Amino acid sequence: MWRLLAGFVLLLSAADAAPVGDRTVPDFGKKYHVKGELNLPYSGDSGLKEPFEVWYDLEGNRSRIDYRNSTVRTFLIGNDLDYGVIYKITPVNTETEVQAIKYFQLKGTKEDPISPQAALPDLQDFEFEKMEDYAGVQCEVWKKVTQAGHKKNTYRLWVKRPEGSDSPAVPYHFEMEGFNTLLESHNDKYMIDYSDFSSQTESDIFTPPGGMTYEEFPDPPEEHQILANPLQDYVSTSPVSHAHRLFGSFKEKFNRLYKNEKEHEERENNFVHGFRYVHSTNRAGLTYSLGINQFADWSEAELARRRGLIIPERKKTVTE
């Protein structure tokens, strides 16, 4: 069963913020608006960038996330129905329609209620690492390291905290770098650049379009969570994302058996990068759509050879 994990940051007041050494964990406030750009350097031939915009209201139990200049809009409303609802408005391509606007919903359950999705990681268990200049701004760098199996992920957030002020902290950059201890390589990375951070939001920005018929998300059901709340996988600090979990369904569907654990790690890594590329591309409002097929665990070089091209394997190996 695929659990609907609510993604939200635990926001602490200045008085309650937990001390880390002689510093307190940055507080971004309970309500904010921020723009961001997701950078996926290992997805596609030359990487992929995707802009997004977030309105967050913890006390109102709601958030809104727009992707690619509002091409796709999602509303996470925790107070709707019994356990909350995620609404999504997105263009869809079918056999008979191109870029038809569709309305989808994902209902929360007693076990997995809907909560507002934050644009920022939960900084619990992060530790202050250093002061560093980022984009001309002197920032605090907060760091967290997680490990599950062979996956060791390092998360860093660059943040500016106003001195002598009750104003919330301002995020600038978030980065995840993954190291695989079996492959002995840094084989995963993504970044988010933040801008236009503000503590102000407007109430009507959280209201989904009315008078429409909202449908259930299409099959496969195991992808519903990614479709409904894509940002969750990138600001979560769990070393095993929804994309990683979906590799199990892929193996079962296409009867994949790998010769050893090393190949399994390599194929899973290929799948995760391809999965991210497919879903990000499908949020771009193009006249075509991509899907996960039997080649989703192939490397770029293998796919290129299948197309009659010759390209070198992308080098990701950096021994830790």
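**The sheet and its edge**

Student: In which sense do strand E8 and E14 pair?
Tutor: This is a predicted model. Strand E8 covers residues 100–107. Two bridges link E8 with E14, and their sense is parallel.

Student: Which residue of E14 stands opposite Gln105?
Tutor: Start with Phe104, which stands opposite Glu215 in E14. For Gln105, the residue opposite in E14 is Glu216.

Student: How many bridges join strand E7 to E8?
Tutor: E7 spans residues 85–92. E7 and E8 run antiparallel. Val85 has Lys107 of E8 as its bridge partner. The bridges joining E7 to E8 number eight.

Student: Which are the edge strands?
Tutor: The sheet is open, with 12 strands and mixed pairing. Its order is E9-E10-E11-E12-E13-E3-E4-E5-E6-E7-E8-E14. An edge strand here pairs on one side only. That gives strand E9 (127–134) and strand E14 (215–216).

Student: What angle does the direction of helix H4 make with that of E13?
Tutor: H4, residues 261–281, packs on the sheet. The helix touches strands E3, E4, E11, E12 and E13. With the direction of E13, the H4 direction makes about 30°.

Student: What share of the residues in the protein chain is buried?
Tutor: The chain has five helices and 14 strands. Burial is counted over 320 residues, with under 20% relative accessible area as the cut-off. The buried share is 48%.

Methods:
Residues are numbered from 1 along each chain as its sequence is written. This is a predicted model: local features need pLDDT of at least 70, side-chain atom pairs count only at pLDDT 80 or more; totals for chains, interfaces and linings use all residues. Side-chain values use heavy atoms; hydrogens and water are left out. Two strands pair if DSSP finds at least two bridges between them. Helices (H or I, at least four residues) and strands (E, at least two) are DSSP runs, numbered from the N terminus. Contact means heavy atoms within 4.5 Å. Axes are lines fitted to C-alpha atoms, for helices over the stretch in contact, and angles run from 0 to 180 degrees between N-to-C directions. Buried means under 20% relative accessible area, exposed over 50%, partly exposed in between (1.4 Å probe, protein chains only).
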